[in-house]
Structures are given as structure tokens and as C-alpha cells.
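Biologist: I have this one open on screen now. Please take me through the helix contacts, and then we can look at some loop residues.

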Amino acid sequence: MSPAERIAAVLAPVERPLLREYSVKAIGDALREGRFLVSFPRGALGPGPSRVLRGMLDELGAPAEGVARLEPLQSRAASLHFGLEPEGAHWVLKCYLEFADRDRPEPGLAFRALKWRDDGAFALSDYRDAGPLTAPELAKRITAGLPEGAVRDALLSLAALPTPQPLTLLDVTEPGNPRRSLDLNLTPLRATLGAHTESLTRLLGPASAPLLAREAACPLGHVAAGTARDGRPFATLYFGAHRVRGAL
């Protein structure tokens, strides 16, 4: 059974609908496709959600040490997200806890995620925000958080677009390794990829042009950029969020 099939099997009992979103990561000379997230309220797990989530993580082969470090916060989560990412010869599986604004376990902590490879390696990621930011505040944080270049310019241009509500920017870190990135939520734009092809091509590089053309009608979600665990720069685009009923 493939990793994607395993996630589908584990999520099969969860009450529908779920939300599925695709993503693509540019790192080194590669463009990693085949990534996705599936999201749902924690309450959809039914009675005993903590027990149910532990069982799901066990079925997906999550390392016991990583689960134990996620465990203290899982009862505080409002929503859950399961993800998958190809990483060379390996697959990375992910489980995110999302916390409501009114019930953050730590100041600014919006998400905590456990990410593990099929060889047993794992990391915990913290996603923190400072709340909605004005355009000048966004620009200041992006300029300070990313090196000069096309990727930073792309984020700055996207952050400067007029929106009906302030955008949020997440600061992502992983204790114990160089992973550091910024994640800009562009959902309030209610835009498609095709509406911002130029900025997104600068973000992901020329190799992304065929994908952006193919998915031009898909909704734009959020973008991220920074430094990966191995120290290499990366950029990510999330897109195509849609409700899923029945099989994933």
C-alpha cells in the first residue's frame, strides 16, 4: 500500500466532508509535486478523539517519541491536518494540530506539526503568528526573514496586493535543525493561480511554468519560503483547496 493509500485508509472513518489542498515545493533543482494536505475539525473523530488520533498515527507508522511530544497539546487542537510529501527516495508523512485563536497553548502558536519519514527520522515544527499585519508590517517581516532575491521579491509583491482583510504571516521553526521559513496566507485574495502567474513563477522558478499553466484555474492558497532542514533554500505553493466527499 502506498503512503497516499495508507492516509486514505486511515481517514476513511472520519466524518465527511474533508478539505484537500495540493502543494508544490521548489528546492535545489527539483520541483516536488505529489504533495497534499487533508484537513478536518478534531470533533470529526467522534467519541474519544485523543485515543482515535493516537491510533491513526500508529497506523501511519509515526515514531512513538514524536507522538509522545505531540500528545500534550492534541486535546487543545481545533482542527487536524494530515499531509504527504515525496523527499527523494523517502516519503514524509505529517500531522498538524491547529489551535483556535482564543485557545493557543502558547502565545502565537497557531500550529504544531509532527513530520516523519518512512525511515523513522522525525521533526516537530512550530508555526507562530503575530496576528493580522498591515502591508508595511508584512513587508518589514519578509525583508528581515528572507535573503535578497527573486523569492523575497515574489513574497513582497504578493503581500502588497489589496485584500478585504489583513493577511497573516507564520514564522516556522524546528528546534534542533536549520529549518526556518515564512508562510503567507493568501486565501483572502480569493484569487486563482492564473491571476498571479508572474509572481508565482518568480517564487518557484522557471521549472514551475508548466504546472502553473496547467493549474491556472485553481484557487491560490498560501505560499512559503525559507531554509530547509538540510540548509538549502526552498519555496512552496499551496493551491486547489476543495471539499472531498467519499474516497480521497
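**Helix packing and loop residues**

Modeller: Pro-49, Ser-50, Leu-53, Arg-54 and Leu-57 of α2 meet Val-67, Leu-70, Glu-71 and Gln-74 of α3, where contact means heavy atoms within 4.5 Å. Sorted by class, this contact has five nonpolar, two polar and two charged residues, with Ala, Val, Leu, Ile, Met, Phe, Trp, Tyr, Cys and Pro counted as nonpolar, Asp, Glu, Lys and Arg as charged, and the others, Gly among them, as polar. Please keep in mind that this is a predicted model, in which local features need pLDDT of at least 70 and side-chain atom pairs count only at pLDDT 80 or more, while totals for chains, interfaces and linings use all residues. Residues are numbered from 1 along each chain as its sequence is written, and side-chain values use heavy atoms, with hydrogens and water left out.

Biologist: At what angle do the axes of α2 and α3 cross?

Modeller: The axes of α2 (residues 49–59) and α3 (residues 64–74) cross at roughly 155 degrees and come within 11 Å; axes here are lines fitted to C-alpha atoms, for helices over the stretch in contact, and angles run from 0 to 180 degrees between N-to-C directions. The two helices α2 and α3 are therefore roughly antiparallel, given that angles under 35 degrees count as roughly parallel, over 145 as roughly antiparallel, 65 to 115 as roughly perpendicular and the rest as oblique. Helices are DSSP runs of H or I with at least four residues, strands are runs of E with at least two, and both are numbered from the N terminus.

Biologist: Is the crossing of α2 past α3 left-handed or right-handed?

Modeller: α2 passes α3 in a right-handed crossing, a crossing being right-handed if the near helix is turned clockwise from the far one by less than a right angle, and left-handed if anticlockwise.

Biologist: Moving on, how do α4 and α5 run?

Modeller: The axes of α4 and α5 come within 10 Å of each other, with a crossing angle of roughly 170 degrees. α4 is thus roughly antiparallel to α5. On the α4 side Leu-138, Ala-139, Ile-142 and Thr-143 meet Arg-152, Leu-155, Leu-156 and Ala-159 of α5, and by class this contact has six nonpolar, one polar and one charged residues.

Biologist: And what about α5 against α6?

Modeller: Their axes, those of α5 and α6, come within 7 Å and cross at roughly 150 degrees, and α5 and α6 are therefore roughly antiparallel as well. α5 passes α6 in a left-handed crossing. The contact involves Ala-150, Val-151, Asp-153, Ala-154, Leu-155, Ser-157 and Leu-158 of α5 together with Ser-199, Leu-200, Arg-202 and Leu-203 of α6, and its residues divide into seven nonpolar, two polar and two charged.

Biologist: Which residues of α5 are buried?

Modeller: Arg-152, Ala-154, Leu-155, Leu-158 and Ala-159 are buried in α5, where buried means under 20% relative accessible area, exposed over 50%, and partly exposed in between, with a 1.4 Å probe and protein chains only. These residues cover an arc of only 160 degrees around the axis, which puts them on the same side of α5; the arc is that of the directions from the helix axis to the C-beta atoms. The buried residues of α5 pack against α4, β8, α6 and β9.

Biologist: Which ones are buried in α6?

Modeller: In α6 the buried residues are Ser-199, Leu-200, Leu-203 and Leu-204. They span an arc of only 120 degrees around the axis, so they sit on the same side of α6. Their packing partners are β1, β2, α5, α7, β9 and β10.

Biologist: Now the loop between β8 and α6: is Leu-186 buried or exposed?

Modeller: Leu-186, which is found in that loop between β8 and α6, counts as buried at 0% relative accessibility. Leaving out residues up to four places away in sequence, Leu-186 touches Leu-158, Leu-167, Leu-220, Gly-221, His-222 and Val-223.

Biologist: And how about Arg-190, buried or exposed?

Modeller: Arg-190, also placed in the loop between β8 and α6, is exposed, with a relative accessible area of 80%. The phi of Arg-190 is near 50 degrees, a positive value in a residue other than glycine.

Biologist: Last one: where is Pro-162 found?

Modeller: Pro-162 lies in the loop between α5 and β7, and Pro-162 is exposed, at a relative accessible area of 74%. The C-alpha atoms of Pro-162 and Pro-188 are separated by 9.6 Å, although these residues are 26 residues apart along the chain.
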